[in-house]
Amino acid sequence: MNIELDIKPIEKITSKPILKFKPIDLSAKNIIESYAKPWNMGCSDMSFANLFIWGVNGKMEYAEHNHVLYIKLDFEKVPTYLWAPIPKYGVNVDYREAVYIAIEYMKSIGVEPTLRSVWTPFKQKIQQCCPELYIQPTEMAWDYVYDRESLATLKGKKLHGKRNHINKFMSKYPDYVYKVLDDSMIEECIALYKDWSDQKEELSIELFDEKTSVMLALHHRKALNLTGGCIFVKGELVAFTLGERLSDDMQLIHIEKAKADVEGAYPMINQQYILHECQNVTFINREEDMGIEGMRKAKRSYQPIKMIEKYIVSTRDLTDKKGIWLN
């Protein structure tokens, strides 16, 4: 992606923050998708459903300025930050100015100016427009992308263990039933999630937020264009999942929960949803691992064919910084 450089002095770009952020509710869907969808990057962050369900209670907000969309994130234990500015696709915008408007906004609220989840096309634009900024990969935020046929068939030596789990499930529960998730199943899904979270040692803020997000996804799945699948054994719900068509050739999996005491329930709902609801796609995006070792191990075990890379952009070198800054 080539752009003409017209590098203005930093101090002349903006003298005061001009961004006015708004909550991400369903009324913002058309606006946000008009910016995000045309880029067609296959990135989970660009899904409006993700913004809506995880951005509840002001954790994510949006602003528009000069044909550029800004997304602000304000999560517990992490200083407020912004994503890379998202210009209207096909519109000629001053991207350097857009980047420094974001930086000046973060300075104005007293936080370290960082752009996170910076996707490759915007990383390249920043490298060209703002060569003085620092850019580092943040692997904990990279999306895992899989071949749809591989997840559907589980063929090959590397996926032998997954096939074994499914075979054990089918042997133990030959009367299992897969159903497309509908309104009649919502309360059962919520009850399954509650049972799952109750088994955790303590109810963390993250789990409380996730419960809210799961409920939002279930209750608003039609408005969010989500599809879901459920597995029942002898009439009891043992697993459910929710996803969406992120692009013409990619399905995005948002939520997947199963009863811990039902062996093979996770690989089974994974495969069955892909078989039934993802027939016409090439790729499956299962989002990032957030640096959680167990999640990283599980996602790598399905043999991703590529990663959607993301970066952090800062005004100073954060190479030696860990925790809230990097992996």
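How many residues lie between β10 and β11 in their hairpin, and which residue in the turn has a positive phi? Two residues separate β10 and β11, and K234 in the turn has a positive phi of about 50°. This is a predicted model, in which local features need pLDDT of at least 70 and side-chain atom pairs count only at pLDDT 80 or more, while totals for chains, interfaces and linings use all residues. Residues are numbered from 1 along each chain as its sequence is written, and side-chain values use heavy atoms, with hydrogens and water left out.

- Helices (H or I, at least four residues) and strands (E, at least two) are DSSP runs numbered from the N terminus, and two strands pair if DSSP finds at least two bridges between them.
- Strand β10 (residues 227-233) runs antiparallel to β11, and seven bridges join the two.
- In this pairing, G229 stands opposite T241 of β11.
- Strand β12 (residues 250-258) also pairs with β11 in the antiparallel sense, over eight bridges.
- Here F240 stands opposite K257 of β12, and a hairpin of two residues joins β11 to β12.
- Buried means under 20% relative accessible area, exposed over 50%, and partly exposed in between, with a 1.4 Å probe and protein chains only.
- In strand β11 (residues 236-247), 10 of the 12 residues are buried, so the strand is largely enclosed by the rest of the structure.

**Nonpolar cores**

- A nonpolar core is a set of buried Ala, Val, Leu, Ile, Met, Phe, Trp, Tyr and Cys residues joined through side-chain atoms within 4.5 Å.
- The largest core has 77 residues, and Y70 and F240 have the most contacts inside it.
- Helix α3 (residues 95-108) supplies the largest share of this core, nine residues.
- Apart from this core lies another, of 27 residues, which include Y144, Y173, I253 and I274.
- With contact meaning heavy atoms within 4.5 Å, and neighbours within four places in sequence left aside, the residues that F240 touches include L181, C189, L192, V214, L218, G229, C230 and K257.

**Salt bridges**

- A salt bridge is a side-chain nitrogen of Lys or Arg within 4 Å of a carboxyl oxygen of Asp or Glu; the whole structure holds 16 salt bridges.
- D143 and K310 form one, their closest N and O atoms being 2.9 Å apart.
- D143 lies in strand β8 (residues 143-147) and K310 in strand β15 (residues 310-314), so this pair ties together parts that are 167 residues apart in sequence.
- D143 is buried at a relative accessible area of 0%, and K310 is likewise buried at 0%.
- R148 bridges to E149, with 2.6 Å between the closest N and O atoms; R148 is buried at 7%, whereas E149 is partly exposed at 42%.
- R296 and D289 form a salt bridge with closest N and O atoms 2.9 Å apart; R296 is buried at 17% and D289 at 1%.
- Salt bridges with shared partners join D45, D143 and K310 into one network.

- E112 sits in the loop between α3 and β6 (114-119) and is buried, with a relative accessible area of 18%.
- The side chains of E112 and R316 are joined by a polar contact of 2.8 Å.

Technical notes: Polar contact = N/O pair within 3.5 Å; in protein donor to acceptor, adjacent residues only side chain to side chain.
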